[in-house]
Amino acid sequence: MTVETKSSSDGAVTITIRGQFDFGLVNQFRKAYEAHPQARSFCVDMRQTVRIDSSALGMLLNMRRYLGGDSAKIRIINCPKEIRKIFEIAKFEKSFLIESDIDPL
């Protein structure tokens with residue numbers, strides 16, 4: 001389980017979650033977005049995420065609240081189908097822009 005952060009010259013920050021996204025990542029995940037207070041937008045890349053639990057949903061909501069709530073620009077991208085289904089059940093499309101599933105190579 002790891003969290004990696006990359007910022008681009010246009011002020012966008014991408015946070016990549018590798019492995020399981022669960023409570024074990026709470027501090028790493030929080031530090032990833034808090035370390036970029038001047039960022040214009042955030043992207044959470046789940047291409048390499050294998051599983052999420054309810055604490056991950058809470059961490060995403062806390063991120064959104066910290067970054068300004070409704071005015072926060074957060075995209076969740078590259079969601080595997082299983083994770084996308086969890087977001088649909090939790091109605092996360094009301095709070096986040098969620099990209100379609102990963103395209104097959």
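## Burial and the basis of the model

A residue counts as buried when its relative accessible area is under 20%, as exposed when over 50%, and as partly exposed in between, with a 1.4 Å probe and protein chains only. Asparagine 78, with a relative accessible area of 10%, is buried.

The model is predicted: local features need pLDDT of at least 70, side-chain atom pairs count only at pLDDT 80 or more, and totals for chains, interfaces and linings use all residues. Residues are numbered from 1 along each chain as its sequence is written, and side-chain values use heavy atoms, with hydrogens and water left out.

## Asparagine 78 and aspartate 45

Helices (H or I, at least four residues) and strands (E, at least two) are DSSP runs numbered from the N terminus. Asparagine 78 sits in the loop between E5 and helix H3 (81-89), while aspartate 45 belongs to strand E3 (residues 41-45). The two side chains make a polar contact of 3.0 Å. A polar contact is a pair of N or O atoms within 3.5 Å; within protein, one must be able to donate a hydrogen and the other to accept it, and residues adjacent in sequence count only if both atoms are side-chain atoms. The side chain of asparagine 78 also contacts the side chain of arginine 47, at 3.2 Å.

A salt bridge requires a side-chain nitrogen of Lys or Arg within 4 Å of a carboxyl oxygen of Asp or Glu. The side chain of aspartate 45 does reach the backbone nitrogen of arginine 47, at 2.9 Å.

## Salt bridges

The whole structure holds five salt bridges. One of them joins glutamate 4 and arginine 18, with the closest N and O atoms 2.6 Å apart. This pair links distant parts of the chain, since glutamate 4 is in strand E1 (residues 2-7) and arginine 18 is in strand E2 (residues 12-21), 14 residues apart. Glutamate 4 is partly exposed at 39% relative accessibility, and arginine 18 is partly exposed at 26%.

Another salt bridge is formed by aspartate 22 and arginine 51, where the closest N and O atoms are 4.0 Å apart. Aspartate 22 lies in the loop between E2 and helix H1 (26-34), and arginine 51 lies in strand E4 (residues 49-52), 29 residues apart. Aspartate 22 is buried, with a relative accessible area of 12%, whereas arginine 51 is partly exposed at 40%. Arginine 75 and glutamate 99 also form a salt bridge, with a closest N to O distance of 2.9 Å. Here arginine 75 is in strand E5 (residues 74-77) and glutamate 99 is in the segment after strand E6 (97-98), 24 residues apart. Arginine 75 is partly exposed at 35% relative accessibility, as is glutamate 99 at 30%.

Strands E1 and E2 pair in the antiparallel sense over six bridges; two strands pair if DSSP finds at least two bridges between them. The bridge partner of threonine 5 is isoleucine 15, in E2. Four residues stand between the strands of this hairpin, and glycine 11 takes a positive phi near 90°.

## Aromatic pairs

Rings of Phe, Tyr and Trp (its six-membered ring) pair if their centres lie within 6.5 Å; planes under 30 degrees apart count as stacked, over 60 as edge-to-face and the rest as tilted. By this rule there are five aromatic pairs. Phenylalanine 21 and phenylalanine 29 form a tilted pair, 5.1 Å centre to centre with 55° between the planes. Phenylalanine 21 is buried at 0% relative accessibility, and phenylalanine 29 is buried at 1%. Ring pairs link Phe21, Phe29, Tyr33 and Tyr66 into a cluster.

## Cysteines

A disulfide is a covalent bond between the sulfur atoms of two cysteines. The criterion used here is a pair of cysteine sulfur atoms within 2.5 Å, and the count comes to zero disulfides.
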